[in-house]
Amino acid sequence: MAIMGMIAVVAMAENRVIGDGKGLIWHIPGDLKRVKTLTMGCPLIMGRKTWDSIGRPLPGRASIVMTRDRSWTADGAIAVPNFKTAIEAARSWIENTAESRSEIILFGGGEIYRQGLEYCHRVERTVVAKKFDGGAEAAYFPELPPADWDIEIEAEIAAANDVPAYRHERVVRREPPRQF
């Protein structure tokens, strides 16, 4: 099966904060359902802190974890030392998994997005309608230059109880991404 491309999936605040170094700063149940739909059957490339914040492999998806610690292991994780090896592991998982889809998901955190964004043809992002201070270890999603990307707002969801307002955006690269 040929790989169709790479998609970044992210939840971020208006100021691009995605976490505080430990995990997400907000809890949006409706967004978790969307993430599951977007990522099911795909390999997820993530960093170790993102893995730690999730705490387990997500069913129906491969968890490819980039880490500098060569001795790191976790049940259900495929540990890799760099982005090139992560791509190779994702391709292998797609080729060897019957129920896979032919897309690789860039899943965070900030350093993983920074390394992989140039390979993404699309970004599926949830933008929380608030600015957050992520603290000393804040992780950020890279800025997307407006000249290079088209943004389509798919849905706007009003705040309810303790869930902040947010919107779903599909951001599409105008020129083909870097090939991997």
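Predicted model: local features only at pLDDT ≥ 70, side-chain atom pairs only at ≥ 80, totals over all residues.
In one of them, Phe83 and Tyr119, the ring centres are 5.4 Å apart and the planes meet at 25°, so the pair is stacked, since stacking requires planes under 30 degrees apart. Phe83 belongs to helix H3 (residues 83-96), whereas Tyr119 sits in the loop between helix H4 (110-116) and strand S7 (120-128). The two residues are 36 residues apart, and their pair links distant parts of the chain.

Tyr119 also pairs with Phe180. Here the centre-to-centre distance is 6.1 Å and the angle between the planes is 65°, an edge-to-face arrangement. Phe180 lies in the segment after strand S10 (166-173) and Tyr119 in the loop between H4 and S7, so this contact ties together parts that are 61 residues apart in sequence.

Phe83, Tyr119 and Phe180 form one aromatic cluster. The table gives the accessibility of each member.

| Residue | Relative accessibility | Class |
|---|---|---|
| Phe83 | 8% | buried |
| Tyr119 | 11% | buried |
| Phe180 | 31% | partly exposed |

The cut-off for a buried residue is under 20% relative accessible area. Phe83, at 8%, therefore counts as buried, and Tyr119, at 11%, is likewise buried. Phe180, at 31%, counts as partly exposed.

Technical notes: Residues numbered from 1 in each chain as written. Heavy atoms only, no water. Phe/Tyr/Trp six-rings, centres within 6.5 Å; stacked < 30°, edge-to-face > 60°. Helix = DSSP H or I, 4+ residues; strand = E, 2+ residues; numbered from the N terminus. Buried < 20%, exposed > 50% of the residue type's maximum accessible area, 1.4 Å probe, protein only.
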